[in-house]
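Look at the chain as a whole before turning to single side chains. The paragraphs below go through the surface, the overall fold and a few contacts between residues.

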Amino acid sequence: MDPETGEFKIVANYIGGKHRLEYVPDRQIHWSGGRTEPPADTPLCGFDGSLCPDNALPGYAILSMVLSSVVVVLAVASFFIYRYVDRLSIE
């Protein structure tokens, strides 16, 4: 479609017998979004997303972070409980 006139114009003809695409002289393809080239024939990550890396954490990494956090919380709680009990025994 010509963006200036809003009319559809033929820019190329496919010749089936020759399996060839012949462009019409002095006609330009107007790609959407102001592009100068056609869009990619496949999406960046593929049609099913298999071409992009999986950035999710594996299960063992999540489990180790949770267990590490629990150990740290228990260590801090134990320290404060020890100080509280020690202070009670001194008084």
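A patch, as the word is used here, is made of residues that have over 30% relative accessible area and take part in no salt bridge, and nonpolar side chains are joined into one patch when they lie within 5 Å. In this predicted model, L57, I62, M65, V66, V70 and L74 form such a nonpolar patch on the surface. Together these residues have about 550 Å² of accessible area. One of them, L57, sits in the loop between β2 and α1. With a relative accessibility of 51%, L57 counts as exposed, because the cut-off for exposed is over 50%.

Now step back to the whole chain. Which elements does the protein chain have, and in what order do they run from the N terminus? There are one helix and two strands, and their order is β-β-α. The radius of gyration of the protein chain is 34 Å, whereas the globule rule gives 12 Å for 91 residues; the value is well over the rule, so the chain is more spread out than a compact globule. The C-alpha trace spans about 100 × 35 × 15 Å along its principal axes. Of the 91 residues, 3% count as buried.

The loop between β2 (20-23) and α1 (59-90) also holds D26. Is D26 buried or exposed? Its relative accessibility is 85%, so D26 counts as exposed. D26 and V11 are 15 residues apart in sequence, and their C-alpha atoms are 8.8 Å apart in space.

Next come the contacts between side chains, beginning with the sulfur atoms. The count of disulfides is one. This disulfide joins C45 to C52, with a distance of 1.6 Å from S to S. The angle about the S-S bond is -75 degrees, and the link of C45 and C52 is left-handed. How accessible are the two cysteines? C45 has a relative accessibility of 26% and counts as partly exposed. C52 is partly exposed as well, with a relative accessible area of 27%.

Charged side chains are the next topic. Side chains of opposite charge can pair when their charged atoms come close. In this model the count of salt bridges is two. In one of them, the side chains of K9 and D2 meet at 3.4 Å, N to O. K9 is partly exposed, with a relative accessible area of 38%. D2, at 14% relative accessibility, counts as buried, because buried means under 20%. In the other salt bridge, the side chains of E22 and R20 meet at 2.5 Å, N to O. E22 has a relative accessible area of 32% and is partly exposed; R20 is partly exposed too, at 38%.

The last contact is between rings. A pair of aromatic rings is described by the distance of the centres and the angle of the planes. The count of aromatic pairs here is one. Why is the pair of F79 and F80 called edge-to-face? The ring centres of F79 and F80 are 5.5 Å apart and the planes stand at 70 degrees, so the pair is edge-to-face; the cut-off for this class is over 60 degrees. F79 is partly exposed, with a relative accessible area of 44%, whereas F80, at 52% relative accessibility, counts as exposed.

Methods. Residues numbered from 1 in each chain as written. Predicted model: local features only at pLDDT ≥ 70, side-chain atom pairs only at ≥ 80, totals over all residues. Heavy atoms only, no water. Helix = DSSP H or I, 4+ residues; strand = E, 2+ residues; numbered from the N terminus. Buried < 20%, exposed > 50% of the residue type's maximum accessible area, 1.4 Å probe, protein only. Phe/Tyr/Trp six-rings, centres within 6.5 Å; stacked < 30°, edge-to-face > 60°. Disulfide = S-S within 2.5 Å. Salt bridge = Lys/Arg side-chain N within 4 Å of Asp/Glu carboxyl O. Patch = residues over 30% accessible without salt bridge, like charges linked within 9 Å, V, L, I, M, F, W, Y side chains within 5 Å. Areas by Shrake-Rupley, 256 points an atom, 1.4 Å probe, with all protein chains shown as cover. Rg over C-alpha atoms; globule rule 2.2 N^0.38 Å.
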